[in-house]
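Visitor: I would like to go through this model and ask how each label was reached.
Guide: Ask, and each label will be set against its cut-off.

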Amino acid sequence: MASGAKIEAFLEMMAAERGASDNTLASYRRDLEDADAFLEAAESGLAGASPAGIRAYLGDMAERGFAATTQARKLSALRQFFKFLYAEGLRGDDPTGVLDSPKKGRPLPKTLSEAETGLILERAAQEARAAVEGSPERIAAQRLSTLLEVLYASGLRVSELVSLPVTVALRDERFFTVRGKGGKERIVPLSGKARAAVALWLTERARHPALAESPWLFPAASERGYLPRQVFARELKGLAARAGIASAKVSPHVLRHAFASHLLQNGADLRAVQQLLGHSDISTTQIYTHVLEKRLQELVQKHHPLAD
């Protein structure tokens with residue numbers, strides 16, 4: 001079996017057995033095909049690569065200027081691939097087993113202050129109120145306002161947010177269930193303000209048969225039937241600029257980070273935030289420990305009798 005066929009078999013396994021998302025599968029494909037292209041001349045492709053060949057590939061990535069984080073991600077994809085080949089009896093060894101991962105730092109997530117987040121949410125609500133009912137501008141503005149309120153209230157991944165079924169909104173409850181990575185379900189909150197925004201969106205949505213008949217909360221004329229996340233990201237950047245905040249600083253993922261950071265700043269437990277974000281491992285959530293450290297320092301300075 002050639003390398004290309006083995007890569008396809010690996011991706012099929014990731015989709016069928018591990019529930020990998022389309023984005024994850026696309027990332028694995030890019031990484032494995034990049035390695036295969038490099039190793040094709042020297043070692044007849046990725047599937048037959050030796051440890052020396054993999055090491056040469058990693059060195060080539062460094063020379064091409066890839067960050068250590070990117071190199072580590074690509075090596076992780078290779079490890080998963082060779083683990084699969086070994087388990088399936090397609091290879092008797094793992095050439096990545098003797099390799100060390102590239103050293104990488106732990107960058108802090110980009111986020112927004114509570115004031116900046118408030119400005120963005122208020123600007124979105126203002127634009128929705130100002131647009132004429134039933135107009136295309138009202139549809140876009142109210143949809144964006146609702147997306148942002150739900151995102152900041154729940155901390156959903158953008159892919160989870162745009163693909164919400166309309167049944168979530170029709171129940172009008174304080175909590176709802178979302179299916180996240182790997183098909184895992186979790187309970188997420190919906191604030192009163194977010195529920196009010198959803199109600200306004202449902203009213204606007206009901207005015208348009210093409211929207212009202214969709215099973216998705218945020219329908220669109222796209223391949224999947226709901227709003228593409230790229231469109232949401234683009235609309236958010238435009239809104240941020242109109243609110244006086246640099247668009248380069250803002251994205252849906254940054255608002256997810258703001259949700260987590262602001263919870264921790266206001267006393268939430270790290271384990272609770274992990275569950276809300278849908279992180280399977282607490283180590284992923286620990287990127288926010290800088291928030292906890294700052295809060296603890298402030299508590300000591302404020303309450304310790306010997307603090308300056």
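**Labels and their grounds**

Guide: This is a predicted model. Seven aromatic pairs are found in the structure.

Visitor: Why is the pair of Phe-81 and Phe-82 called edge-to-face?

Guide: The ring centres of Phe-81 and Phe-82 are 5.3 Å apart, and the cut-off for a pair is 6.5 Å. Their planes stand at 65 degrees, and planes over 60 degrees apart count as edge-to-face. The pair is therefore edge-to-face.

Visitor: Are Phe-81 and Phe-82 buried or exposed?

Guide: Phe-81 and Phe-82 are both buried, that is, under 20% relative accessible area.

Visitor: Which residues form the aromatic cluster with them?

Guide: Phe-10, Tyr-28 and Phe-84 belong to one cluster with Phe-81 and Phe-82.

Visitor: Phe-10 lies in helix α1; which residues of α1 are buried?

Guide: Ser-3, Lys-6, Ile-7, Phe-10, Leu-11, Met-13 and Met-14 are the buried ones in α1. They span an arc of only 155 degrees around the axis, which places them on the same side of α1.

Visitor: What makes residues three or four places apart point the same way?

Guide: An α-helix has 3.6 residues a turn, so such residues point the same way.

Visitor: Which exposed residues are on the face of α1 turned away from its buried side?

Guide: That face carries Glu-12 and Ala-16, and exposed means over 50% relative accessible area.

Visitor: How do you know that the span of α1 agrees with its number of residues?

Guide: Helix α1 covers residues 3-18, which makes 16 residues. After α1 comes Gly-19, with a positive phi near 65 degrees.

Visitor: How do you know that the buried residues of α13 line one face?

Guide: In α13, residues 270-277, the buried residues are Leu-270, Val-273, Gln-274, Leu-276 and Leu-277. Viewed down the axis of α13 they fall within an arc of 165 degrees, so they line one face of the helix. Gly-278 follows α13 and has a positive phi, near 80 degrees.

Visitor: How many cavities of 30 Å³ or more does the structure hold?

Guide: One cavity reaches that cut-off. The largest cavity has a volume of about 40 Å³.

Visitor: What is the class of the residues in the lining of the largest cavity?

Guide: The lining consists of Val-150, Leu-164, Val-168, Ala-169, Phe-176, Leu-190, Val-198 and Leu-217. Val, Leu, Ala and Phe count as nonpolar; the lining therefore has eight nonpolar residues, no polar and no charged ones.

Notes: Residues are numbered from 1 along each chain as its sequence is written. This is a predicted model: local features need pLDDT of at least 70, side-chain atom pairs count only at pLDDT 80 or more; totals for chains, interfaces and linings use all residues. Side-chain values use heavy atoms; hydrogens and water are left out. On a 1 Å grid over the protein atoms alone, a cavity is a set of points where a 1.4 Å probe fits but cannot get out, and a pocket is an open set with protein on both sides within 12 Å along at least five of seven lines; lining residues have an atom within 4 Å of a point. Grid points are joined across faces, edges and corners, and a volume is the space filled by probe spheres set on the points. Helices (H or I, at least four residues) and strands (E, at least two) are DSSP runs, numbered from the N terminus. The expected span of a helix is 1.5 Å times one less than its number of residues. Buried means under 20% relative accessible area, exposed over 50%, partly exposed in between (1.4 Å probe, protein chains only). The arc is that of the directions from the helix axis to the C-beta atoms. Rings of Phe, Tyr and Trp (its six-membered ring) pair if their centres lie within 6.5 Å; planes under 30 degrees apart count as stacked, over 60 as edge-to-face and the rest as tilted.
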